[in-house]
Amino acid sequence: MSRPIARVLMLLELLQSGGLRTVAELAARLDVDERTVRRYADHLLDLDVPVESVRGRHGGYRLTSGYRMPPLMLSDDEALAVLLGLVAGQRAGLMTATGSASETAAAKIRRVLPQRLGHRLDAVLGSLAFTAPPSTPAAPETAVLLSIADAVRHHRPVSIKYTAADGRHSERTLHPYGLVAHAGRWYVTGGDPAVGEDRTFRLDRIADARTLPGTCDPPTGFDPAERVLSGLASAPYRHEVTVRVQGTAEHIRARLPAGVALVEELPSEGSPDSETGRWSRVEMRVDRLDWLPAVLASLDRPFTIERPDELRGLVARFAARLADSASG
């Protein structure tokens, strides 16, 4: 590569690091005179790289938004971070419906990596193991994700076409408060003015999202992630379970996270600082009860089952099996 071309690419890398760079600073970094810096900037403009010239005593050059992405200059660490991020996103199921985009993006980066870095990256990916299986993607449309994200940021209502879990189709207006990624799925939570209450929707079930005129401010202190988790924990299922556990909410959350159970600490029955004096009420809605006895036992705290009666029998049989195993 000739030195002028190398310096033009070096100029692009300097500008991509962000901020306004003075001509004098760029000339010193590139080891050329200021006139040559201006000529290099013109070369970038000829390549449709959006370089903006700022005049004045403290003027210089900076990058602005363009109609297409310019060549991207990445350091070794940055290239590795991008590729590992793409792999992690695929494993977590946080993709859009055009899921192949992450694969093609990764392939483009790997094609232009220096050979030495490519070998190092192959060594990382070849030796990397995951402790959890890959998530089954429930990917939203890219246009839906971007439209709702923009509406959340600018506090704008949106019109969505939604398909419920039972297959029913509806078109409704939503005041979106926040986007939440949880367990390989994207959710949007916000106000539904038609019913006068907050609702949560899965983005992969939204076929279209259009921004509407007007504004909609989220309630003060609203936590989108907490709203989604509490909504999942209270969703209608076959069994409604209520258990009183002698322990703090923090201890119970280690085994029953917010997306599974609603936990409310009850007034202390002993010393305020005593772990044994605290009880919490745990509420869950589940399709099956057979996994609960083992989880309740793992809490290692006294508990009282309030409902359903069927759970008491399962716990008793589980305890008997443990006793038989211990004595045998």
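Start by selecting helix H2 (residues 23-30) and helix H3 (residues 34-46): their axes come within 9 Å and cross at roughly 95°. Axes here are lines fitted to C-alpha atoms, for helices over the stretch in contact, with angles running from 0 to 180 degrees between N-to-C directions. Helices are DSSP runs of H or I with at least four residues, strands are E runs of at least two, and both are numbered from the N terminus.

A quick note: this is a predicted model, where local features need pLDDT of at least 70, side-chain atom pairs count only at pLDDT 80 or more, and totals for chains, interfaces and linings use all residues. Residues are numbered from 1 along each chain as its sequence is written, and side-chain values use heavy atoms, leaving out hydrogens and water.

Now show side chains. On H2, pick Val23, Ala24, Leu26, Ala27 and Leu30; they meet Glu34, Val37, Arg38 and Tyr40 of H3 (contact means heavy atoms within 4.5 Å). This contact has 7 nonpolar, no polar and 2 charged residues (Ala, Val, Leu, Ile, Met, Phe, Trp, Tyr, Cys and Pro are nonpolar; Asp, Glu, Lys and Arg charged; the others, Gly among them, polar).

Next, select strand S6 (197-202). S6 gives the most to the lining of the largest pocket, with 6 residues. By class, the lining has 14 nonpolar, 6 polar and 10 charged residues.

Finally, zoom out: the chain has 11 helices and 11 strands, and its C-alpha trace spans about 85 × 55 × 45 Å along the principal axes.
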